[in-house]
Amino acid sequence: MRKGTEIKNEDNKKIVKNPDEIKLVKDMFDKLEETKSIRKTLFYINATYNKKYLYGNFKKYFTNTLYVGKYRNVDNYCDPYLTKKRWEKIQQILKRNVKVYNKKNVYIFSGLIRCPQCHNKFSGSYYFRNI
């Protein structure tokens with residue numbers, strides 16, 4: 001369920017806008033367009049609305065198609081918060097908004113080798129211990 005929605009009428013389970021969170025959702029997208037930064041938007045929303053969102057969970061809100069009224073390739077599934085034009089603009093902002101991790105070690109085979117049993121990709125890690 002996206003932020004700012006609720007299920008109304010338990011019989012037909014229609015998704016509608018949650019009146020208590022409309023302003024939060026509007027501010028969330030407005031601030032992202034203004035700052036072009038998920039991190040700055042996260043800090044703003046947490047401070048303004050006294051929330052404790054984490055970066056990874058918060059970022060997912062901006063890719064949820066329910067905000068444009070679409071669900072599983074069904075257009076007009078629910079009332080949209082955003083127009084399609086604005087949604088596309090936000091997706092472009094997200095493509096340019098890349099989080100950079102400070103890496104001290106380079107693992108050249110990360111993601112290239114797979115486990116023969118579970119088929120997951122291998123990745124490198126570093127652990128330092130004083131002896």
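Me: Which salt bridge does Asp30 make with Arg86, and how far apart are N and O?
Reply: The two side chains meet in a salt bridge at 2.4 Å, N to O. Keep in mind that this is a predicted model.

Me: Where do Asp30 and Arg86 lie?
Reply: Asp30 is in helix H1 and Arg86 is in helix H4, so the pair ties together parts that are 56 residues apart in sequence.

Me: OK, and what else does Arg86 pair with?
Reply: Arg86 also forms a salt bridge with Glu33, where the closest N and O atoms are 2.7 Å apart. That pair links distant parts of the chain too, with Arg86 in helix H4 and Glu33 in helix H1, 53 residues apart.

Me: Is Glu33 buried or exposed?
Reply: Buried, because its relative accessible area is 17% and the cut-off for buried is under 20%. Arg86 has 22%, so Arg86 counts as partly exposed.

Me: And how accessible is Asp30?
Reply: Asp30 has 26% relative accessibility, so it is partly exposed.

Me: Back to Asp30, then. What does it do with Lys26?
Reply: Asp30 forms a salt bridge with Lys26, and the closest N and O atoms are 2.8 Å apart. Both residues sit in helix H1 (residues 22-35), four residues apart, which is about one turn of the helix.

Me: Which residues are linked in that network of salt bridges?
Reply: Lys26, Asp30, Glu33, Arg86 and Lys89 are linked in it.

Me: How many salt bridges does the count come to?
Reply: Seven.

Me: Why would side chains like these pair at all?
Reply: Side chains of opposite charge can pair when their charged atoms come close.

Me: Switching topic: which residues form the nonpolar patch on the surface?
Reply: Val106, Ile108, Phe109, Leu112, Ile113 and Phe122 form it, and together they have about 680 Å² of accessible area.

Technical notes:
Residues numbered from 1 in each chain as written. Predicted model: local features only at pLDDT ≥ 70, side-chain atom pairs only at ≥ 80, totals over all residues. Heavy atoms only, no water. Patch = residues over 30% accessible without salt bridge, like charges linked within 9 Å, V, L, I, M, F, W, Y side chains within 5 Å. Areas by Shrake-Rupley, 256 points an atom, 1.4 Å probe, with all protein chains shown as cover. Salt bridge = Lys/Arg side-chain N within 4 Å of Asp/Glu carboxyl O. Helix = DSSP H or I, 4+ residues; strand = E, 2+ residues; numbered from the N terminus. Buried < 20%, exposed > 50% of the residue type's maximum accessible area, 1.4 Å probe, protein only.
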